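Me: Got a model I'd like to go through with you. Can you take my questions as they come?
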Amino acid sequence: MASSLTCTGVIWALLSFLSAATSCVGFFMPYWLWGSQLGKPVSFGTFRRCSYPVHDESRQMMVMVEECGRYASFQGIPSTEWRICTIVTGLGCGLLLLVALTALMGCCVSELISRTVGRVAGGIQFLGGLLIGAGCALYPLGWDSEEVRQTCGYISGQFDLGKCEIGWAYYCTGAGAAAAMLLCTWLACFSGKKQKHYPY
């Protein structure tokens with residue numbers, strides 16, 4: 001099987017896949033923010049949530065339903081900042097995944113990744129990482145929404161966690177983006193083999 005990648009390019013392809021997978025898993029998981037409500041653990045992502053309160057008609061009280069799921073609609077996401085974060089982070093993850101899959105194909109297909117294509121791919125990865133980083137920076141702006149305040153003891157605000165904690169998925173998403181921006185972008189510059197120039 002012919003490859004269009006140098007040895008550095010193979011490392012770039014694998015690292016690109018790992019950073020894209022890390023960011024995508026972190027983005028999809030609803031464990032960006034941890035707290036508790038009515039004595040039950042509650043967690044939030046950008047567009048998903050685990051455990052939510054419902055009014056129990058038979059007992060005439062609020063009870064926690066311990067399930068994870070997406071919000072019923074895009075407008076159901078608790079804050080405008082989290083809606084923007086969902087779009088921006090999703091776009092960034094999509095770009096990282098696109099480049100990672102192209103890079104992996106470069107391991108098997110000859111003349112797919114030239115030096116120029118590698119540099120363009122690195123630029124796309126930088127942009128994807130930048131978008132994800134922007135999404136991670138926007139996320140704390142939504143901590144003043146009513147849903148988050150209920151979970152964080154009514155003392156949370158923008159960039160103030162109150163009684164909540166940042167979850168592993170937030171760090172995972174940010175780490176994948178940082179790896180893409182810092183390592184993958186640099187390795188991409190040396191990933192492609194020099195193209196042969198044919199006389200015709």
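Me: What are the ground rules on confidence and numbering?
Reply: This is a predicted model: local features need pLDDT of at least 70, side-chain atom pairs count only at pLDDT 80 or more, and totals for chains, interfaces and linings use all residues. Residues are numbered from 1 along each chain as its sequence is written, and side-chain values use heavy atoms, leaving out hydrogens and water.

Me: Which residues touch the most other members of the largest nonpolar core?
Reply: Trp32, Leu33, Phe44, Trp82, Tyr139 and Val148, out of 26 residues. A nonpolar core is a set of buried (under 20% relative accessible area, 1.4 Å probe, protein chains only) Ala, Val, Leu, Ile, Met, Phe, Trp, Tyr and Cys residues joined through side-chain atoms within 4.5 Å.

Me: And which element gives the largest share of this core?
Reply: H2, with five residues.

Me: Switching topic. How many bridges join E3 to E4?
Reply: Eight, between E3 (residues 48-56) and E4 (residues 61-70), running antiparallel. Strands pair if DSSP finds at least two bridges between them. Tyr52 has Val65 in E4 as its bridge partner.

Me: What about the turn?
Reply: Four residues separate the two strands of this hairpin, and Gln60 in the turn has a positive phi of about 55°.

Note on methods
Buried < 20%, exposed > 50% of the residue type's maximum accessible area, 1.4 Å probe, protein only.
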